[in-house]
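Dear colleague,

Please find below the structure that I am handing over to you. My notes on it follow directly after.

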Amino acid sequence: MNNKISRITKRYSEDPARLLDVLHDIHSLKGYVDDDDVEQLAIELVLSEATINEVISFYHFFSKTPVGKFSIYLNNSITACFRGREAVKRALEESCGTTFGSVSEDGLFGLFDTSCIGMNDQEPAAIINGLVFTKLTAFRVKELVKGLKEGKPVSELIYEGTGGGNNADKDIQSMVQNNIRKGMLLLNRDYHKFEVLRKELKQHSPLEVIQIVEDSNLRGRGGAGFPTGIKWRFGRRVDGKHRVIICNADEGEPGTFKDRVMLTEFPELVFEGMVIAAYATAADIGLLYLRYEYKYLLRFLNRILGEMRTEGLLGKNAAGIKDFNFDIRIQLGAGAYICGEESALIESLEGKRGEPRDKPPFPVEKGYLNYPTIVNNVETLASAVKIIKHGAAWYKGFGVKDSLGTKLLSVSGDCRFPGIYEVEWGTSIREVIEMCGAEDVQAIQVGGPSGVLIGLKDIDNLGASNLMKWYKPSGMMVAQKFYDRKLSYSDLPTGGSIIIFDKRRDLLQDVVMNFMDFFIEESCGSCSTCRNLPSVMKQKLQKIIGGHGVRQDIDDLLSWGKMIKVSRCGLGQTAANPIVSSILNFRDLYEGHVQAMTDFDNEFDLEKSVQAANNFVGRKSVFHQN
Amino acid sequence: MSETIEFKIDGRKIVAEEGKTIVEAAKINGVYIPTLCNFEGAKPKGCCRMCTIKVNNRFMTACTIPGAAGMEVESNSEELNDIRKGIVELLFVTGNHFCPSCEKSGNCELQALAYRYQMMVPRFPYVFPQKGIDASSPKIIKDQNRCILCQRCMKTIKDEKGRNYFAYQNRGSKLAVVLDEKMGKEMSDELAALAMENCPVGSIIYKENGFKKPIGKRKYDKRPIGNEIEA
């Protein structure tokens, strides 16, 4: 028995629901979890070893083998690729003396790929021992590795000094930059910390709070857009020994980083929103699920929670309201996009693999540990504070009819001013392009890979095949031209990720392929459809790009993309979107690759097939064409 | 005694106890909805998506949703049957299923569903993935080539402390169902037989017992799957 491991499991009362924390602590202790640790955990937590291994192998940042004294996780989002990731990768491999996916012989460096880490406005970026390094270049990488070899602490190697705002706080000390380009209601310095908790909240009964949020028509800002007030009302109505408020800060959609900026600059606003939600719904347990990639904010955020407790805003009789007991704990994720889905997030909070649950029952009925649970996005909770402060009528003065208020956009890609823009709902694509200084725009990915790829050739120019009609949602996107399309729940709904591609970019080979790889990597694998279809479809796309496709292949892709809609969760249902939406909006790119004059499917590539043999005997084939 | 409710599947009247899932309710009323991962007595998870139905024009899984009074379920439609056939094909091409050499042939639900949906040449190209076989347990063979990751063994094969013999490993396209190495070594004959029985395909084979029942006398040799439910 290893006493250090026992101390860790005791720290969490040997509760299997805290397995993630236990594993995190073992990682901080020794960098990875070995078979002996698993054996001991299995005994102390009363689980089978296979069950513990199933959790470890699910999360990207847990490992059964050493990951190096310095583990370097290099982001592989499409923006990183377009900003020189390849050169950075090569420089890392050269200077560390190992290849990606492995650890150097001296055990010093481990190099790994990782999905978008929420730094799309300052790529290429990497996480080194939990700290974020942005705007990497081959030169900077070499300097970095040199410093590490000389034994300098990782924290001393940030090359441009700390980023602005709270990034320079003593508990953050990060080189990450906020890049706030435009603020309105949320990103507004005219915010007095916890003022609503101290004043306005007490003037309203919990039901009045719900009514105000309902009247404001606030909808979930994570992307799905469920009305927040209704969610709170449902949650309040369900009986339970406890009731839970969860703040979802697991923004994993490639290209989004708004929650990172909110939590860096306005964490008080977010926590204040959680307390308001708890007051309205009579919740007593508060959890903030922070993605692992933002671990560098953890100490800072915990400090603020500590201050709130000291000031009586959390804990017993929170915010000075009698019998309102509410506290907040931060749960650190461990690298899984799917955990941004609310029921997967709850599974993860319970120390399990982040696999989405079947609905119904919805989390408001049976959520965390089967208690009624309300899961809200960071931005939603922050908006609720402003609504209680200024009233529903005020809030309704912003935005458009079906989409009220403002939205934080995370803009990145080919533009002069990537960063965070707070805009009113109803902002058009034209305005977005002008705002961020983008030129020669070819396409825009709205809502990340699970969203849509739109471009000048918009949906109305498409053929009238039955398949195309199936995809064309009724009443939506009617003959609107690209530039005039509006960010709103009825036209272009979005969690806020906006990635811009100019005319230099190869949309199919680079963009769509990158997005498909993302879904293949991040699927939990539970549904037969989402586990298998993305890779099968990617294969077909490769066939088309390679010049071996026929027209039928394009329709096959549309038809298979339809099949994936039977998957359990939003990730699965949208995992074919990169291919489907690029066919819908850029069909000409596909048509340009396929052999349009023939229906004959010559998938078999004779030249490629005999190449190995040719190389071996040193001969060259001659192909006769009729 | 819970209350009896009425709803409709493809226009046909279904009467069942409240709380029964649509799959169960359909079964009692002689309507077959195909399933693979669903297993009587185990908590449904809806991971094979075979039982996909439509309610109010939305896809749902019939094994996880309880029937509700007045519900109108669409099940036996061209669209849904094509999706189901597609799923069977998908499972065939993404594994390595060679029925003639498989111990489970004739007792295999995947094979039986392929017959039922008249699968000929799958619409998807074969993947021929490289997968391993774990024969470390003295009692069973876990053949990953045939595993369809339905979780049935994970949900039903447990020891007296409630610990699972089988668990997932990795995620996404690398997902696998693996046997706990230590527990697999101490597996009883009863559990090994049960594991093979509960596996819908030939991924779990009880050693030296694979052909106990001869081919020709197996479950689906004479009649198609679902036939036992349909009147």
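The notes below go through domains, chain contact, helices, sheets and backbone.

This is a predicted model, in which local features need pLDDT of at least 70 and side-chain atom pairs count only at pLDDT 80 or more, while totals for chains, interfaces and linings use all residues. Residues are numbered from 1 along each chain as its sequence is written, and chains are lettered from A and ligands numbered from 1 in the order in which they are written.

**Domains**

Domain bounds here come from an automatic or database domain assignment. For chain A, the assignment gives domain 1 (3-56), domain 2 (70-160), domain 3 (182-186 + 201-395) and domain 4 (403-593). The centres of domain 2 and domain 3 of chain A, taken over C-alpha atoms, are separated by 33 Å. Contact between these two involves 13 residues of domain 2 of chain A and 12 residues of domain 3 of chain A; two residues are in contact if their C-beta atoms, placed from the backbone, lie within 7 Å. On the domain 2 side of chain A, the residues touching domain 3 comprise 6 nonpolar, 6 polar and 1 charged. In this classification Ala, Val, Leu, Ile, Met, Phe, Trp, Tyr, Cys and Pro count as nonpolar, Asp, Glu, Lys and Arg as charged, and the others, Gly among them, as polar.

Chain B has domain 1 (4-76) and domain 2 (84-206). Their centres in chain B, taken over C-alpha atoms, lie 25 Å apart. Here 11 residues of domain 1 of chain B are in contact with 13 residues of domain 2 of chain B. The side of domain 1 of chain B that touches domain 2 of chain B has 8 nonpolar, no polar and 3 charged residues.

**Contact between the chains**

The two chains meet through 32 residues from chain B and 33 residues from chain A. On the chain B side, strand S4 (58-61), helix H2 (78-94), strand S8 (166-169) and helix H5 (181-185) each supply at least two residues. Helices (H or I, at least four residues) and strands (E, at least two) are DSSP runs, numbered from the N terminus. H2(B) gives the most to this side, with 6 residues. By class, the side of chain B that touches chain A holds 15 nonpolar, 11 polar and 6 charged residues.

**Helix packing in chain A**

Helix H19 (residues 507-522) of chain A packs against H20(A) at an angle of about 165°, with their axes 10 Å apart. Axes are lines fitted to C-alpha atoms, for helices over the stretch in contact, and angles run from 0 to 180 degrees between N-to-C directions. That angle makes H19(A) roughly antiparallel to H20(A) (under 35 degrees counts as roughly parallel, over 145 as roughly antiparallel, 65 to 115 as roughly perpendicular and the rest as oblique). In this contact, Leu508(A), Gln509(A), Val512(A), Met516(A), Phe519(A) and Ile520(A) of H19(A) meet Pro534(A), Ser535(A), Lys538(A), Leu541(A) and Ile545(A) of H20(A). By class, the contact of H19(A) with H20(A) has 8 nonpolar, 2 polar and 1 charged residues.

Helix H20 (residues 528-545) of chain A also packs with helix H21 (residues 551-563) of chain A, at an angle of about 165° and with axes 10 Å apart. H20(A) is therefore roughly antiparallel to H21(A). Among the residues making this contact are Leu533(A) and Met537(A) of H20(A) and Leu557(A) and Trp560(A) of H21(A). Its classes are 6 nonpolar, 1 polar and 4 charged residues.

**Sheets**

In chain A, 5 strands form an open sheet of mixed pairing in the order S2-S3-S1-S4-S5; two strands pair if DSSP finds at least two bridges between them. Strand S2 (102-103) and strand S5 (131-133) of chain A are the edge strands, each pairing on one side only. Strand S4 (residues 126-128) of chain A pairs with S5(A) in the antiparallel sense over 3 bridges, and Ile127(A) stands opposite Val132(A) in S5(A).

**Backbone**

Most residues other than glycine have a negative phi, and most peptide bonds are trans. Lys135(A), not a glycine, has a positive phi of about 45° and is found in the loop between S5 and helix H7 (138-149) of chain A. The peptide bond from Lys359(A) to Pro360(A) is cis, with omega near -5°, and the bond from Pro360(A) to Pro361(A) is cis, with omega near 0°.

Yours sincerely
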